[in-house]
Amino acid sequence: MADALAAHAAKRDSLIEALRQSGGPVALAKDTSNLFRDRAASARRRLDVRGFNEVLSVTDDYVEAEGMIPYEDLTRACLSHHAMPTVVPQLKTITLGGAVAGVGIESSSHRHGLVHDGMLELDVLLGDGRVVNCTAQNAHADLFFGFPNSYGTLGYALRVKAKTIPVKSYVRLTHLPFTEFSELEKHLNAGEADFIDGTVFSPEKMFITLGRFTDSAPHTSDYTYQNIYYRSIAEKREDYLTAHDYLWRWDTDWFWCSKNVFAQNPLIRRLYGRRRLGSKTYTRIMRWNSRVGVTKKLERLLGLHSESVIQDVDIPLARAAEFLRFYAEHIALWPTWVCPIGVSNSNFVLYPVRPGWYVNFGFWDVKRTRKAHPPGHFNRLIEDKVGELGGIKSLYSDSFFAEADFHRRYGGAAYDALKKKYDPGGAFPRLYDKCVLKA
């Protein structure tokens with residue numbers, strides 16, 4: 001541990017020196033991104049943070065790691081100590097710092113909230129080269145509670161200390177059909193499952209999946225190659241996975257989005273091979289297609305108009321059925337993921353939610369129509385409906401809010417105060433500029 005901390009300190013000092021020697025706006029040089037919005041080219045100086053990808057220590061109660069470590073590596077280290085972070089986002093390429101600066105969720109969120117609810121401490125690199133240590137009680141508590149959902153516009157997390165929870169070797173899954181969100185609420189209130197999420201194949205075909213840790217399993221399924229996890233939900237009442245495979249059950253097929261790169265075709269799946277199936281490969285293909293525009297050209301030839309609808313929205317449980325009815329009428333991209341969130345801490349000012357139950361709806365596809373619509377038409381419908389229902393949406397993908405509306409929804413006054421205090425020189429873009437204007 002001492003050697004790891006010493007190496008981290010040396011990297012930190014070198015990065016600070018590089019930042020101070022170059023003036024002007026700042027951005028990161030890194031290998032991965034899980035932001036699903038195109039960004040405008042900019043003249044920002046690139047700080048190379050790719051080396052900040054190590055685990056510093058793991059105990060029964062916490063893990064301490066550098067900000068650029070992917071969750072695949074972070075979780076591997078924790079599992080070797082029979083532990084896991086309280087919330088492990090679904091894709092292996094998501095980084096710890098990215099999940100803290102954005103919003104991370106998974107099926108343990110009914111018990112443990114969002115990724116940032118598990119934070120204990122973080123070191124943040126500011127635009128002037130200072131590194132400030134933030135906890136919920138110290139002099140930088142305002143940044144601790146203001147860092148989540150700031151998306152690198154206040155600083156970058158170089159080191160994060162976060163809670164862990166104990167794990168067992170296997171997870172037993174039970175897939176239950178449901179018709180009303182009141183049934184989901186009963187399971188939440190019963191507190192019976194370590195993991196809860198759901199899959200909506202259509203409004204008439206919905207399943208809750210309950211996961212429970214267990215020390216043994218009569219058998220385990222493998223969804224890392226030939227078999228596809230999301231299809232099993234409607235086919236099996238009970239299933240068993242290793243704890244490792246459960247945490248990454250969605251990565252192999254990017255939930256169900258691997259269909260867009262033909263990876264669910266059995267022949268093409270074999271051509272991909274086990275090693276290439278997963279979010280790393282699909283992200284590279286998506287970025288390439290975004291640059292080259294192959295899909296857009298095909299759509300024009302077919303007379304289709306398209307809009308990417310890639311969103312995660314959190315809706316109060318009492319209004320979830322209303323959102324699903326709206327979604328079925330106006331969007332209707334299936335399947336859709338649902339994941340309950342138990343909110344107990346409402347102090348995170350840039351992602352303001354109230355204590356109680358929320359339901360995350362995740363949908364990631366392209367809406368294609370014969371009729372032309374204004375840019376962002378379907379995403380704007382979603383943003384308006386989420387606001388009407390008292391919900392909030394994540395900012396990792398396209399957003400279309402007017403600036404005053406964005407300011408109201410995402411802690412604008414608190415953000416302004418944080419920006420003035422921690423980035424007075426404007427080394428980083430403003431949150432609205434980055435997330436809506438794509439700066």
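The charged end of Lys11 sits over the ring of Phe52, at 5.5 Å from the ring centre, where a charge is taken to sit over a ring if NZ of Lys or CZ of Arg is within 6 Å of the ring centre and within 35 degrees of the ring normal. The model is a predicted one, in which local features need pLDDT of at least 70 and side-chain atom pairs count only at pLDDT 80 or more, whereas totals for chains, interfaces and linings use all residues. Residues are numbered from 1 along each chain as its sequence is written, and side-chain values use heavy atoms, with hydrogens and water left out. A further contact of this kind places the charged end of Lys367 over the ring of Phe378, 5.7 Å from its centre.

Rings of Phe, Tyr and Trp (its six-membered ring) pair if their centres lie within 6.5 Å, and planes under 30 degrees apart count as stacked, over 60 as edge-to-face and the rest as tilted; by this rule there are 31 aromatic pairs. In one of them, the ring centres of Phe401 and Phe406 are 6.0 Å apart and the planes lie at 55°, so the pair is tilted. Phe401 is buried at a relative accessible area of 3%, and Phe406 is likewise buried at 5%, with buried meaning under 20% relative accessible area, exposed over 50% and partly exposed in between (1.4 Å probe, protein chains only). One aromatic cluster is formed by Phe178, Phe181, Phe323, Phe326, Tyr327, Trp334, Phe361 and Phe363.

Phe178 also has a bridge partner in strand 11, namely Met206. Helices (H or I, at least four residues) and strands (E, at least two) are DSSP runs numbered from the N terminus, and two strands pair if DSSP finds at least two bridges between them. Strand 9 (residues 170–178) runs antiparallel to strand 11 and is joined to it by nine bridges, while strand 10 (residues 195–202) pairs with strand 11 in the antiparallel sense over seven bridges. A hairpin connects strand 10 to strand 11 through two residues, and Ser202 stands opposite Lys205 in strand 11. Because eight of the ten residues of strand 11 (residues 205–214) are buried, this strand is largely enclosed by the rest of the structure.
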